[in-house]
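Notebook open, structure loaded. I want to go through one chain and jot down what I find.

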Amino acid sequence: MLQKWRQLSLVASALVLGLPLFVIVAALLSLVFGGDFATISHLWATVIPEYIRHSVLLMIGVAIGVVTLGVATAWLTTCCRFPGQRLLSWALLLPLAMPAYITAYTYTGMLDYSGLVQTSLRDLFGWNYGDYWFPQIRSLGGAIAVLSLVLFPYVYLITRATFLQQSATTIEAGRSLGLSPWQCFWRIALPLARPAIVTGATLALMETLADYGTVQYFGVTTFTTGIFRTWYGLGDLNGALQLAGLLLAAVIALILIERWSRKQARYDQRNPRPATPFQLTGAKAWLASLACWLPLLLGFILPALQLAGWSIERWQVWTQPDFWQLAWNSFGLAFTASLLVVAIALWLAYGRRQLPTKWVRTSVAFAGLGYAIPGLVIAVGLLVLLSSVDQVIIAASQSWFGWDPGLLLSGTLFALLFAYTVRFLSVALQTVQAGLAEIRPSMDEAARIHGYRPFQVLRSIHLPLLRPSVLTAIILVGVDVLKELPATLVLRPFDFNTLAVRAYEMAGDERLADAGPPALMMVLVGLIPVILLSRAMLKSQQHALKEQNFVPVTA
Amino acid sequence: MRLPKMQKLLSMSALALAFSASIANAATVNVYSARKEALIKPVLEQFSEKTGIEVRLLTGNGNALLARLENEGENTPADLFLTVDAGNLHRAAEAGVFQPITSEDVLLKVPSNLHGKDNLWIGLSLRARPIFYAKDRVDPSKLSGYQDLADSEWDNNVCIRSSDNIYNQSLTAALIHHWGVEKTEEWAHGLVDNLAKPPVGGDRDQIKAVAAGVCDLAVANTYYLGLMEASEDADEREAASKVAIFWPNQESFGTHVNVSGIGITKHSENKDAAQQLLAYLLSPEAQQWYATTNNEYPAVKGVEWSERLKNWGPFKMDDLEMSVLGENNAAAVKLMNRAGWR
């Protein structure tokens, strides 16, 4: 009986979290059954083929980019020893603290035809525009490069954990059979790490699909920019939601493919003992160092320097109290939201572990879909829902107490926290579930046999084993919330701004230098959790790295 | 176990936040604004100082704020909705979120083509969208108007931003009014053929492209040139000095102008305060503030232009009904989709 209630509550809360997605599904269904094809057919005839082409090319490009960068750096920093390797092993996470659109602004500032690089070239050689070839930064290629540089740490983080876990015996067996280090990588380590690579790449691709800021700034028309063009330009919110529904369908397909590819094989290895690293010397060490420094330089150091330059130009901003208020708002929001999201993820993950019925599994998976949906679309779905609940609350309160409480849900921080939960639950859920998967049920049973009470089992076995993955989840969600823009823009209350909002308003008005201080501050605030995460990673390298081995939301 | 406690604590604090945010002060007026904070807050603060009425501000994208207004319905805390571009104002009026402005004083100050239908909104400032040309390479006497942009003489020589941008949508909507859909679509095709680079970047980027020699002609709003002329960055000032404004279609319908405007929400609970703020925004001092801070043209007749606006010279504005821009907006976007203007 108790179990039944628990199951019901799990399903119900997962569905509540997925509610904004229902609004999108409803729009799609209204298209299929309602037969109002006017907007969609116009778009289909004019722009949708291009949207799909660009989105697909973007995803292929980003997939290649993040996998190459992420796997190469992960392999080099775990299985090889070269100068700077220890520093790099945590510094390579830093690009995560950079919002993609901010990186896009900084590179445009540097590489555009009126940027520093091209004007210096023209001055130096007396060229005019058109006399020389220079890659166009605002292009599909530019978008692929920027998104790859910002998102590769996802692949790095997850793959690195797997490489660390890979049983030494497997690699050593390979070596004793005469494989060179290169061959060990290509023929043993890489195939074994495939699930981790695919999971990391999936997270990066979901972010890519949801991205609006970068592609819009670069003038690349993708499916997501199409959603906004339909809404803003044609004034057709319903048509926009229908496009979002198509996007949602594509995401579900992506997740199913990922899951299917994983089912093909089992990757268990016995006796995880870290392999002896390859000691690199001479030219090889230099090359390895270069291969790791380059993505760090391009993905973090250069953009951060550009932001620092703008911030110095606008140094007065740093002395204004309302600027620090923004930083405080951003930090408080990220902190609260990450605790909330991880708490919910823990509850769902535990429920799914103890009651793995079909209903629970499916609804938990549904609750995690929000990651790939553009934040603004989630915000609109939420707005529709929360304002109708508010209307009911206000009506009830007025008839019972004669008092109008105002918009309790849709006009307050509650709406923002709800939106963040829907959008980022997937990140927390995957991290926590991976951690939980390491605690085998036999451990619980063994402890119970030794006379531990359930509470003691939780305290002395689960909590210590889960701590690293919970920490990782809190930090990943915190950094994501800090960077989040579109939902924040729509749902925040009066007189409440964040760093992301300020940076966007300035950059949107083409005042890039004014966007410098808030953007730099955002990176600095985001840096703290990222460094914490890296330190936690280093500490637990020996025994508990498995927590970062993401697993799919449902098996 | 510590987690449930944490959850409780969090939910309680969320509720507390919710309550504290919903208690409104009596003498307040709440503004939803699609104008960026930096371009509106100083005026609102002056108003608060003068009248003692507190102004609470929420900025955001015009369409998103409108969606929020619509969903909040009669419970909306907003008293005023301020947005840029006639297309957005028209959309808000159509959505039924405004109530008519009745004050004769306010209505008489602003020319009637800058009123919404049934006086549901009123213009606050005007932004002109002329053609910019390279001083050293273009003889302005060869130019006449927007039709030049599609002329093969300027092949591979025109810069303009994406058609995602509402300023371009409104320009196209105005041309549809003057030329009809067919001729405008032909024009859009010609324009796309003449582009020197993909239509990316903002207005400022198009002006800089002219300065850098990427193209000879560009279309942009004038206040971006103003921002560049007043920039702290020497490179920007230099770029600005290389371009000049050509006022298009002076012999016919005039240069395209767009409007930023404001309306009182239908369910405003602080209507008196809202009307006071509205009147203040049309006062000479607020109007001049727009003109000097953001180089926009005052909507109120007889308000003196700033030095910079005077330097750019007088010109004939297109005086079509602003709501026409809104009515033609969807047609404009579809036309641009067909013409391959990205």
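I find 17 residues of domain 1 of chain B in contact with 14 residues of domain 2 of chain B. This is a predicted model, so I keep that in mind throughout.

Which elements supply that side of domain 1? I looked it up: α4 (86-94) and β5 (122-128) of chain B each put in at least two residues. The most comes from α4(B), which gives six residues. Sorted by class, the side of domain 1 of chain B that touches domain 2 of chain B holds four nonpolar, eight polar and five charged residues.

Checked the bounds next. The assignment for chain B has domain 1 as 27-127 + 259-305 and domain 2 as 130-255 + 322-339. I get 28 Å between the C-alpha centres of these two domains of chain B.

Then the sheet. I see four strands of chain B in an open sheet, ordered β7-β8-β6-β9, and the pairing is mixed. At the edges sit β7 (158-159) and β9 (243-246) of chain B, each pairing on one side only. Strands β6 (residues 131-134) and β8 (residues 217-219) of chain B pair antiparallel over three bridges. In that pair I noted B:Ile131 opposite B:Val219 of β8(B). Helix α8 (residues 203-212) of chain B lies across β6, β7, β8 and β9 of chain B, at about 170 degrees to β8(B).

Last, confidence. Chain B averages a pLDDT of 88, with 92% of its residues scoring at least 70. I flagged residues 14-25 of chain B, where the pLDDT is below 50; this stretch has 18 contacts in the model beyond near neighbours in sequence. For the complex I wrote down an ipTM of 0.76 and a pTM of 0.82 from the predictor.

Conventions: Residues are numbered from 1 along each chain as its sequence is written. Chains are lettered from A and ligands numbered from 1 in the order in which they are written. This is a predicted model: local features need pLDDT of at least 70, side-chain atom pairs count only at pLDDT 80 or more; totals for chains, interfaces and linings use all residues. Two strands pair if DSSP finds at least two bridges between them. Two residues are in contact if their C-beta atoms, placed from the backbone, lie within 7 Å. Axes are lines fitted to C-alpha atoms, for helices over the stretch in contact, and angles run from 0 to 180 degrees between N-to-C directions. pLDDT is the predictor's confidence in each residue, from 0 to 100. Domain bounds come from an automatic or database domain assignment. Ala, Val, Leu, Ile, Met, Phe, Trp, Tyr, Cys and Pro count as nonpolar, Asp, Glu, Lys and Arg as charged, and the others, Gly among them, as polar.
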